[in-house]
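Hi,

Here's the structure I promised to pass on.

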Amino acid sequence: MPHVRHPSHVIPDNTETTTPGGSLGAGTSAMAAQSTSEPRTEADKPLTGTHVLLVEDTLTLQTIGKKILYQLGATVEVAEDGAKAVSMFQAALERMPVMDGYEATRRIREVENRHGIHTPIIALTAHAMEEEMQKTILAGMDLHLTKPMERRSIAEAIRHVRGSQG
Amino acid sequence: MDYSNLRRQAASMKKSLFDQGYLDEQFCQVEDLQDEASPNFAEEVITLFFKDSARLISNIEQALEKYPKDFNKWDAYMQQLKGSCSSIGASRMKSECMSFREFCGQGNVEGCMKSFQKVKREHGVLRQKLEAYFQLLRQAGPAGAATRPGM
């Protein structure tokens with residue numbers, strides 16, 4: 001099933017959920033970081049204590065993304081499209097149409113507003129074009145990186161968004 | 001069995017894959033992810049890549065036939081394939097994917113068709129070369145430790 005250009009998202013998530021199998025989704029991955037407690041950060045594992053939800057529909061990219069995040073010390077779950085990401089985030093199953101990362105972020109922000117929380121969301125796009133950056137800001141994402149996923153930039157970005165959280 | 005010689009051969013094979021532009025730096029990033037928990041991580045990822053890419057190529061092939069001149073659709077599928085190629089450092093394949101997408105942008109059907117043939121060709125060549133490379137690596141590993149995942 002084809003899809004239009006979307007940024008990538010990985011949303012850290014603290015709920016215990018199973019990885020869903022299923023159909024093609026947004027073809028994007030996004031990142032956001034959230035810890036429930038002070039992480040025991042070691043030099044080589046800056047994401048210790050962080051639970052991450054990786055949203056990506058291609059198996060190759062799921063595998064590489066998971067490995068990078070594991071090595072950075074995070075625990076990882078995978079959602080194959082934006083709809084699955086939102087339902088996993090809400091820890092409630094809903095029937096939703098397949099959506100892209102921007103829409104997933106907008107819906108997550110809606111849910112968060114009801115609970116007064118804000119999870120950092122980082123967009124991972126193929127390019128750094130003006131139009132895409134506008135879209136990431138309008139959708140409510142906190143930061144923007146370009147693909148391919150690279151260990152150092154991911155670690156720095158997550159440190160940054162975590163640092164700017166209250 | 002002279003393992004150090006096999007390892008040298010494997011290193012030489014890898015170097016030539018880089019020199020000839022089949023692979024780029026991203027491939028090293030994937031190899032660098034290997035650790036004690038997954039000592040064969042690179043080979044596993046490459047195996048997954050060829051599963052993914054075969055599927056995506058098949059999707060594109062069908063789309064070219066079933067949806068004539070649907071350049072948006074063709075481009076969307078190729079974007080996925082390009083993303084996969086990029087993630088493992090499949091440099092030549094990535095270039096051909098980009099050519100295809102340019103032809104989509106121009107609305108050039110013949111260009112797309114020709115470019116797609118090149119994508120398939122590069123895919124086949126890369127598969128052969130990486131199979132040979134990993135086979136050599138497996139032989140060059142510790143005696144008796146080699147496993148043979150399907151590729």
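A polar contact here is a pair of N or O atoms within 3.5 Å; within protein, one must be able to donate a hydrogen and the other to accept it, and residues adjacent in sequence count only if both atoms are side-chain atoms. Helices (H or I, at least four residues) and strands (E, at least two) are DSSP runs, numbered from the N terminus. There is one such contact at the start of helix 2 of chain A, where a side-chain oxygen of A:Asp81 comes to within 2.9 Å of the backbone nitrogen of A:Ala83.

Some housekeeping: this is a predicted model, with local features needing pLDDT of at least 70, side-chain atom pairs counted only at pLDDT 80 or more, and totals for chains, interfaces and linings using all residues. Residues are numbered from 1 along each chain as its sequence is written, chains are lettered from A and ligands numbered from 1 in the order written, and side-chain values use heavy atoms, leaving out hydrogens and water.

On confidence (pLDDT, the predictor's score for each residue, from 0 to 100), chain A averages 74, and 67% of its residues score at least 70. Helix 1 (residues 59-71) is highest in chain A at 94, while strand 1 (residues 8-12) is lowest, at a mean of 56. Residues 13-27 of chain A have pLDDT below 50, yet the stretch has 56 contacts (heavy atoms within 4.5 Å) beyond near neighbours in sequence. Residues 34-41 of chain A are also below 50, with 14 such contacts.

As for the fold, chain A has five helices and six strands, running β-β-β-α-β-α-α-β-α-β-α along the sequence.

Helix 1 of chain A packs against helix 4 (residues 71-88) of chain B at about 35°, with the axes 9 Å apart (lines fitted to C-alpha atoms over the stretch in contact; angles run from 0 to 180 degrees between N-to-C directions). A:Thr60, A:Leu61 and A:Ile64 meet B:Gly83, B:Ser84, B:Ser87 and B:Ile88 there.

Finally, A:Gln71 sits in helix 1 of chain A and counts as buried because its relative accessibility is 14%. Beyond residues up to four places away in sequence, A:Gln71 touches residues including A:Arg151 and B:Gln34.

Cheers

Note on methods: Buried < 20%, exposed > 50% of the residue type's maximum accessible area, 1.4 Å probe, protein only.
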